[in-house]
Amino acid sequence: MKKFLKIILGSVIILGFMTVSAKAAKTLKCQTVLNAKSDEARLLKEEFTDRVTELTGGSLNFEIMPAGTVVGGKETLDAIDKGLIDCGFAWTHYWSGEHPAAMLFGSPVAGGGVGIDNLAFLSWFNAAGGKELYEQLWDEMGRDIKGFMLQPVGPEALGWFKEPITSMEDFRKYRFRTPPGIPGQTYKDIGIASVAMGGGDILPALEAGTIDAAEWCCPKPDSVFGFQKVLKHYYLQGLHQVVVNADFYMNGTLYDSLTDHEKASLQVAADASLMLTLSDRIYENGKALRMLTEEAGVILHDTPTDYFSEYMAAALATLNKNAEENEFFNEVYTSMKEFADIAVPFWSGAQMSNAKLGMAHAATLK
């Protein structure tokens, strides 16, 4: 009988806990700046929000909404700040029109001009003070936001063209989709007819002739959007987004109301997403590039050499100009440069042998 009572009591306790948990469960409404079919939205769910739900035992759930569900893509951060939606997903450089330092966290143009790639950027962010400056960014912007870096994406491809380009003179003939903010502005600085637009708008704009060349990301996300249906000339090497990271944003007041366990779950899931997304990207981009070149008729080209000197000069001028004009930008950029002075000589030198070996292997496949 005592054993039976213990079983009943245990069941009641479990049921009571489940009832409390059910009452405490939250479903957070999160809007992305993308459509629901994008690779980034898939990874947001698979590698982050589903994991947060699992880690919290279901106390945090997420409704992932495509761009435009509640507000326009450009209003996403404002809507989170004001509590119109609970959370969102975008690239922090999208907000560099509001504060130039946002670019240094979402996409430091040309790798900050100091040779930082995505892995080195994560080293700066996690080990050399970047994360603390990222937290300060939202205060500098006067925003009630808690951000989590989730998805390393770069290096991004230069982009897609109707015809081969052999020089910057050829490049300047095209109306070219670029990202918003400083990376896109830098294209304007070197005479490119730069047109900023969201990812889901690119293919319709190409089909309508509003633009006639474009960049978005990398082989897999580009192929998901279907650019290969319109354009066949593809250039992998670009400088505009050597480093690019997509982030999850939550209303700061909402975040403060969470339990310590829920907060820890968000951070653990975000850290896991950095590694898992990077792993996914390398393999999936490799498979997509093979499909594009072997099945979809895409021709892969090397980027014209004069692009690198022109874009790098414009990027450095933009970086230095913003550092002179904005105190917080200068603080972040100085931190990145000091990190690069220590880490880049090691990291770039150590990668040279593997890069040469990889290029030799790639050459055997042609």
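1. The buried residues of helix 13 are covered by elements that include helix 4 (102-106), helix 7 (168-171), helix 8 (182-189) and helix 14, where contact means heavy atoms within 4.5 Å. The buried positions in helix 13 are Tyr307, Tyr311, Ala314, Ala315, Thr318, Leu319, Asn322 and Ala323; buried stands for under 20% relative accessible area, exposed for over 50%, and partly exposed for what lies in between, with a 1.4 Å probe and protein chains only. Helices (H or I, at least four residues) and strands (E, at least two) are DSSP runs numbered from the N terminus.

2. This is a predicted model, in which local features need pLDDT of at least 70 and side-chain atom pairs count only at pLDDT 80 or more, while totals for chains, interfaces and linings use all residues. Residues are numbered from 1 along each chain as its sequence is written, and side-chain values use heavy atoms, with hydrogens and water left out.

3. The length of helix 13 (residues 305-325) can be checked, because at 1.5 Å a residue its 21 residues should span 30 Å, and the end C-alpha atoms, 31 Å apart, agree with this; the expected span is 1.5 Å times one less than the number of residues.

4. The largest nonpolar core has 107 residues, and those with the most contacts inside it are Trp91, Phe171, Phe248 and Leu266. Such a core is a set of buried Ala, Val, Leu, Ile, Met, Phe, Trp, Tyr and Cys residues joined through side-chain atoms within 4.5 Å. Helix 14 (residues 327-365) supplies the largest share of this core, nine residues. Not counting residues up to four places away in sequence, Phe248 touches several residues, among them Cys30, Leu44, Phe48, Phe62 and Leu266.

5. Six strands form an open sheet of mixed pairing, in the order 7-6-8-5-9-11; two strands pair if DSSP finds at least two bridges between them. Strand 7 (193-196) and strand 11 (299-301) are at the edges with a single partner strand each, so one side of each has no neighbour in the sheet. Strand 6 (residues 175-178) runs parallel to strand 7 and is joined to it by four bridges, with Thr178 opposite Ala196 in strand 7.

6. Two loop residues deserve a look. Gln241, between strand 9 (233-235) and strand 10 (245-251), counts as buried because its relative accessibility is 2%. Leaving aside neighbours within four places in sequence, the residues in contact with Gln241 include His93, Ser107 and Glu215. Ala110, in the loop between helix 4 and helix 5 (118-127), has a positive phi of about 55° although it is not a glycine.
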